[in-house]
Amino acid sequence: MDQNLSILVIDEDPDRAAIVERGLVESGYTRVAKIGTTLNLVSRIQALAPDVIIIDLENPDRDTLEQMFQVSRAIQRPIAMFVGQSDGDMIRASVEAGVSAYVVDGLRSERIKPIVEMAISRFEAFDALRRERDEAQAKLADRKTIEKAKGLLMKTKGLDEEQAYAALRRTAMQQNRRLVDIAHSVIIAFQMDI
Amino acid sequence: MTSAALTPVRCGFVPLIDCALPVIAHEQGFAEQQGLALELVREASWAAIRDKVAFGVLDAAHLLAGIPLACAVGAARAPQVGMLALMALGRGGNSITVSSALYQRMVEADPVAMAGPRAQSAQALRKVIDADRAAGHPPLSFATVFPVSSHNFELRYWLASAGIDPDLDLNLGIIAPPRMVESLALGHIDGYCVGEPWGQRAVAKGVGAIIATKSDLFPAAPEKVLGVRTAWAEQQGDVAEKLIRAFVLAAQWADDPDNRETLAALLAREDYLGQSDAAILASLRGEVILRAGEPATVLPGPHVFYHWQATFPWLSHGHWLMAQMQRWGLWSGDLAERARIVSSVYRPDLYRRAVAPLGIPLPVEDMRVEGGHLQPFQSPAEGGGMIDLGPDTFMDGRLFDPARSPV
């Protein structure tokens, strides 16, 4: 029955929105929509009439959503609450994960909980993916720096590749610094005009 | 002092000119001087910064003055968490902007009101609204930045002064400041009330005109505060006092005319506002271009950070904000209840104790009747002598007595 709840995912990051949407659909929620940035947020939401809205905590559109708490002529379907009011542990976990959720009037918190928990786990998974990607990119950049330093040593000192690498590593160990930092210093030293 | 001895404090801010005090406390070393390692975290929305303070992700924040009060009573569905407004973060900065088309209609509808004192422009808007209704046209749409913002309360005060009901005679919504100008340009809204530099931006882009500024409406209106969780302040009382001192020293620095160019350059940085420093400097100096093609108008008392007791957490500010929440249906209660709530959020006693080592002049009273002064004036100081206070006239000439005025 809960699978009939309609859920709207609002996220400026289309990749993250897709991950959250897929998680919800895989859990059996069939009525999931997603939108990115829009200047017509309130009317878009009213057209979609979701029961639950999942939005990233950092999204500037959250302030616009807060107006939907008000009962005024402009708002046909007031939002009853920000999930923060329901469950202390859940809200702390969701704020830390960067998820916020809004719910229309009349929905009991046990019906919302699995949806918010799914969003939290998907946000965390997305974060982990992003961290891995950033680390992989950093490692690639490090490797390029080391290769460049090695090349400079080979060219100017007449070393072969293995000797150049050994020299870098020895210096790093002696100075208790990272290999990439030593490589960086080598590159800078060769760039200096003396 | 070595960095190991510094106490870390995570402080959130929203990129607006009045985030100057946390920025200066950090950049000019006032926080470090007080033994704090201040970490600044930029936030994109008031809802996010409120929730992060409420749930302990941030220790402190640059908050709309209405937010700690709303949290105290759960108004506007804020999470009900005890928060303190440790001090105010300055005066000034807001303005009401309308689209070029609406401006033209207002001038045609009531040229006399539009040529008079700026706050009277609401009379012209009233005529436009009446004409639209008679013709069966849809209502105009305006926006502010948050339900419990001073912007919302100032805009409503201005509308109501001309007999316009903000909830019935027009659509009044909420839009994040960086999206205001585009919303106006695309015709999604007809006007807005927002902090600088977003009013100036509409004028510069040729899509709107500024028809009134905070100094025309209620120049002493509470704006932003330094907000913390009550539980945090109870556990970290000495840290809270150090934070207050660092911010007051930052306010003194920020008000020095010799520092304004440095301040503008700092705020302009990509990690703070990410805007041109020339525009920020003009706004700091109160040199505002109201309409495209006109020379700048110099506003009286633009951004004030320290003088006129701009950092003092007046109980009467809390009362005025609660009265506005009551007026617009966000909260209801009697005067005694209001006083109890305000005293649990605004703590001038903590502020006085924190700044005592600085030896700065302080008012005798913790609250005062707001309004009635067109010019700067003086009031008795604690321990003898006088303090300087700034203009505080309401646009309709009324007085707000925190002990008696229900709304």
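**Chain A, then the domains of chain B**

In chain A, 59% of the contacts between residues at least 6 apart in sequence join residues at least 24 apart. The model is a predicted one, and the percentage is computed from its atoms. As for burial, 32% of the 194 residues of chain A count as buried.

Chain B is described here by its domains. Its domain assignment gives domain 1 as 3-89 + 222-271 + 305-362 and domain 2 as 94-217. Between the C-alpha centres of domain 1 of chain B and domain 2 of chain B there are 29 Å. To the contact between them, domain 1 of chain B gives 18 residues and domain 2 of chain B gives 12 residues.

Which helices of chain B each supply at least two residues of the side of domain 1 of chain B that touches domain 2 of chain B? They are α4 (66-73) and α16 (315-327). The largest share of that side, 3 residues, is from α4(B). Sorted by class, the side of domain 1 of chain B that touches domain 2 of chain B consists of 13 nonpolar, 3 polar and 2 charged residues.

Key: Residues are numbered from 1 along each chain as its sequence is written. Chains are lettered from A and ligands numbered from 1 in the order in which they are written. This is a predicted model: local features need pLDDT of at least 70, side-chain atom pairs count only at pLDDT 80 or more; totals for chains, interfaces and linings use all residues. Domain bounds come from an automatic or database domain assignment. Two residues are in contact if their C-beta atoms, placed from the backbone, lie within 7 Å. Helices (H or I, at least four residues) and strands (E, at least two) are DSSP runs, numbered from the N terminus. Ala, Val, Leu, Ile, Met, Phe, Trp, Tyr, Cys and Pro count as nonpolar, Asp, Glu, Lys and Arg as charged, and the others, Gly among them, as polar. A residue is buried if 20 or more other C-beta atoms lie within 10 Å of its own, exposed if 12 or fewer, and partly exposed in between; C-beta atoms are placed from the backbone.
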